[in-house]
Amino acid sequence: MTKASLHLLKGIGYLISTVSVILLAIVSWSSASQSPLLVACVLGGAATSIAGMFCRWLSYQIEKREEER
């Protein structure tokens, strides 16, 4: 497997993880919407999970650019 295809696979993996977080938040929304605290937890949890995956993906992109130099 080439480095380019490995980086693409990582990106696809993070995209799939992001979609799964969104789907889980949607499923949880009906019961969570009854409590402001639960709404904050669902939204905060989904947002931080997606932000964390974005940071990891971005670190791989930075490493890839540094390796190409």
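Is L15 buried or exposed? Keep that in mind while we walk through this predicted model.

Start with the overall build. The protein's secondary structure amounts to 2 helices and 0 strands. Its radius of gyration is 16 Å, well over the 11 Å that the globule rule gives for 69 residues, so the protein is more spread out than a compact globule.

Now take helix α2, which runs over residues 36–68. From its first C-alpha to its last, this 33-residue helix reaches 48 Å, close to the 48 Å expected at 1.5 Å a residue. The buried residues of α2 are V39, V42, A46, M53 and Q61, and what covers them includes α1 (3–32). As for contacts with a separation of 6 or more, 60% of those in the protein come from residues 24 or more positions apart.

How much of the protein is buried? Buried residues come to 17% of the 69. The accessible surface is about 5200 Å², and carbon and sulfur atoms hold 70% of that.

That brings us back to L15, which sits in helix α1. L15 is exposed, because its relative accessible area is 57% and the cut-off for exposed is over 50%.

Methods. Residues are numbered from 1 along each chain as its sequence is written. This is a predicted model: local features need pLDDT of at least 70, side-chain atom pairs count only at pLDDT 80 or more; totals for chains, interfaces and linings use all residues. Side-chain values use heavy atoms; hydrogens and water are left out. Helices (H or I, at least four residues) and strands (E, at least two) are DSSP runs, numbered from the N terminus. The expected span of a helix is 1.5 Å times one less than its number of residues. Buried means under 20% relative accessible area, exposed over 50%, partly exposed in between (1.4 Å probe, protein chains only). Contact means heavy atoms within 4.5 Å. The radius of gyration is taken over C-alpha atoms; the globule rule is 2.2 Å times the number of residues to the power 0.38. Accessible areas come from the Shrake-Rupley method with a 1.4 Å probe; for residues, only the protein chains shown count as cover.
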